[in-house]
Amino acid sequence: MPTAAIFDCEGPRLTAEEKAFFRDVDPWGFILFARHCENADNVRAHCDELRECVGREDAPILIDQEGGRVVRLKPPAFPAHPPASVFGELWKLDPAKANEAARLNGYLLGRMVSDLGVNVNCVPMIDVPQPDADPVVIGDRVFAKWPDVITTLAHATIEGSIAGGALPVMKHMPGHGRALCDSHFELPRVCNSKRDLQTVDFETFKSLRDVRMGMTAHIVYEAYDAETVSTLSSVIINDVIRGEIGFDGLLMTDDLKMKALGGPIPERITRSYEAGCDIALNCNFTLAEKKECSGHLRPLEGKAAARAAHALEELGPVDRTDTGEAYERLNTLLKPVKI
C-alpha cells in the first residue's frame, strides 16, 4: 500500500540513496521540476526510474505545465504555450473560438507531458482574481475575472488535458483570488465575509466539483477559521471544500514547504492529514528532510485510496498521432490575441 504522499528528486536524477528511500516509503506519486526536464530523453528516463522504485507502472507523476511563466518544460527543448489569460482575451472577441482554443491547448499540453511519461498536469488554475490580489501569484495565470468565463474555459482545458493523456488538478481550493501576498514566502489572510467568498471565490470550484483531483490553498480565511491556515484547518477542508463546495475528489495539499505554513515539516504533514487532506505534497525536501518526515506519513487507505483510484481510472487510450496540425490550428485561433 503506497503512502499518502508525493515527493520529488533533489537533483536532476535519482541517487542510489534516494532510490532506496522511495523503495522503502513507496509514495503514491512524484512531481517534476525544471531541473528534471532538460530534454525529452531525460524526462522519460527519470519517469521510468521513479516508477521502477515503487514498482507501479501507473504511479502518478505530476508537473506544473500551465503555459506562460509557470512551466517546467521550457523552450527550446519544448514548445511554448500562452498563459491562461490569453484565452480570456480571445473570449471577449469570440467565445466559441476561445472555448475551442482552450480545449486544444489543454490537449497539446496533455500530449506534451504524457508523451514523456507524465500523467498528471496541475491545471487549471480556477481562482477568481480580485482587484488587489497579488499580481505575481495570480496575474496572467487565470483565464478571466468572471467565474462563468473561468469555469467554461477551465472545463474545456480539463477535457483537452484528459484527451491528451494528463489528468487535471484544479487549484487552489477554496480560492486564492484575494491573496495579497505570495504564500511561497508569507501567509496571506483573507478578511472578507462568508457571503463574499460563497458568491465569488467558491463559484468556480462548485461548478467544477466533479473534477477528480484538487489542490489546497495556503491561506487564512478569517470568516471561517481565523486561527488556522486552510490546508491545516478541518473547518476549511470539511465544512467548506467537502461541504459547501461539495468536492469529493482526491484532495492534495499545495507544497508543504512553502513559507505560509509555520512549524516543523513533520508537524505540517500530520496536521494536513488530520484536517482532512488525502495526500501530502512534499516538494524540494532534502534527503534528510524526507527521512525526518517519513515516520509521519500515512498509508493511502480507505476513502482517500478510493478517490485516488477513481482519479486514475479517468485516463484512457491516447491517440499519439503527430500534433503538427493541432498546433497550427491553435496558432490560427490565437492570432487575434497572441503577443
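**Overall fold, pockets and cavity of the chain**

In this predicted model, 58% of the 339 residues of the chain count as buried. The secondary structure consists of twelve helices and eleven strands. The chain has a radius of gyration of 19 Å, whereas the globule rule gives 20 Å for 339 residues; the two values are close, so the chain is as compact as a globular protein of that length. The C-alpha trace spans about 55 × 50 × 30 Å along its principal axes. Contacts between residues were also examined by their separation along the sequence. Of the contacts in the chain with a separation of 6 or more, 78% are made by residues 24 or more positions apart.

Open spaces in the structure were then considered. The largest pocket has a volume of about 570 Å³, and its lining is made up of 26 residues. Those that lie nearest the centre of this pocket are Asp64, Arg72, His184, Asp254 and Met258. By class, the lining of the largest pocket comprises eleven charged, ten nonpolar and five polar residues.

The second largest pocket holds about 310 Å³ of space. A total of 18 residues line this second pocket, and Pro129, Gly139, Val142, Ala144 and Lys145 are the closest to its centre. The lining of the second largest pocket divides into nine nonpolar, five charged and four polar residues.

When cavities of 30 Å³ or more are counted, the chain contains one. The largest cavity has a volume of about 140 Å³. It is lined by 17 residues, and those nearest the centre of the cavity are Glu66, Ala84, Val123, Arg141 and Phe143. Nine residues of the cavity lining are nonpolar, four are polar and four are charged.

The linings may finally be set side by side. Charged residues number eleven in the lining of the largest pocket, five in that of the second largest pocket and four in that of the largest cavity. Nonpolar residues number ten in the largest pocket, nine in the second largest pocket and nine in the largest cavity.

Notes: Residues are numbered from 1 along each chain as its sequence is written. This is a predicted model: local features need pLDDT of at least 70, side-chain atom pairs count only at pLDDT 80 or more; totals for chains, interfaces and linings use all residues. Side-chain values use heavy atoms; hydrogens and water are left out. On a 1 Å grid over the protein atoms alone, a cavity is a set of points where a 1.4 Å probe fits but cannot get out, and a pocket is an open set with protein on both sides within 12 Å along at least five of seven lines; lining residues have an atom within 4 Å of a point. Grid points are joined across faces, edges and corners, and a volume is the space filled by probe spheres set on the points. Ala, Val, Leu, Ile, Met, Phe, Trp, Tyr, Cys and Pro count as nonpolar, Asp, Glu, Lys and Arg as charged, and the others, Gly among them, as polar. Helices (H or I, at least four residues) and strands (E, at least two) are DSSP runs, numbered from the N terminus. The radius of gyration is taken over C-alpha atoms; the globule rule is 2.2 Å times the number of residues to the power 0.38. Buried means under 20% relative accessible area, exposed over 50%, partly exposed in between (1.4 Å probe, protein chains only). Contact means heavy atoms within 4.5 Å.
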